[in-house]
Amino acid sequence: MDTNVTVDMRTYGDDRGTYYAETHRCVINLNQHESLDDILKTIQHELLHFCLDDLGETVTMDEDQEERLIYCIQWANESL
């Protein structure tokens, strides 16, 4: 798999961010965020989608499982 990923920023859009597995591209919609920290969390979230996608057939998860895992990873520090 190609290990390059791109992150595009937009000033419009209805969701916070999207990862496109076909093109290894993250789109971050700035208008859906309240702070720089919020934007960085979304970038991290979308990059985690890329990392899980890069595992390929090693890990099998549906979309709900993947979202839950990413949520747990991002909040792990707060839980400790």
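H45 counts as buried here, at 15% relative accessibility. This is a predicted model, so read every value below as computed from it. H45 sits in helix α1 and is among the residues closest to the centre of the largest pocket, which makes it a handy way in.

**H45 and its partner**
- H45 falls in the buried class because its 15% relative accessibility is under the 20% cut-off.
- The side chain of H45 makes a polar contact with the side chain of E67, at 3.1 Å.
- Both partners, H45 and E67, belong to the group that comes closest to the centre of the largest pocket.

**The largest pocket**
- Its volume comes to about 520 Å³.
- The lining counts 22 residues, and the ones closest to the centre are H45, E46, H49, E67 and I70.
- Helix α1 supplies the largest share of the lining, with eight residues.
- Sorted by class, the lining residues are eight nonpolar, eight charged and six polar.

**The cysteines**
- How many disulfides does a search of the whole structure find? The count is zero.
- For C26, the nearest cysteine sulfur belongs to C51 and is 9.3 Å away, and C26 is in no disulfide. A disulfide needs the two sulfur atoms within 2.5 Å, so the 9.3 Å between C26 and C51 rules that pair out.
- C26 is also buried, with a relative accessible area of 0%.
- C72 is likewise in no disulfide; its nearest cysteine sulfur is again that of C51, 16 Å away.
- Is C72 buried, exposed or partly exposed? At 37% relative accessibility, C72 counts as partly exposed, because that value lies between the 20% and 50% cut-offs.

Technical notes
Residues are numbered from 1 along each chain as its sequence is written. This is a predicted model: local features need pLDDT of at least 70, side-chain atom pairs count only at pLDDT 80 or more; totals for chains, interfaces and linings use all residues. Side-chain values use heavy atoms; hydrogens and water are left out. On a 1 Å grid over the protein atoms alone, a cavity is a set of points where a 1.4 Å probe fits but cannot get out, and a pocket is an open set with protein on both sides within 12 Å along at least five of seven lines; lining residues have an atom within 4 Å of a point. Grid points are joined across faces, edges and corners, and a volume is the space filled by probe spheres set on the points. Helices (H or I, at least four residues) and strands (E, at least two) are DSSP runs, numbered from the N terminus. Ala, Val, Leu, Ile, Met, Phe, Trp, Tyr, Cys and Pro count as nonpolar, Asp, Glu, Lys and Arg as charged, and the others, Gly among them, as polar. Buried means under 20% relative accessible area, exposed over 50%, partly exposed in between (1.4 Å probe, protein chains only). A polar contact is a pair of N or O atoms within 3.5 Å; within protein, one must be able to donate a hydrogen and the other to accept it, and residues adjacent in sequence count only if both atoms are side-chain atoms.
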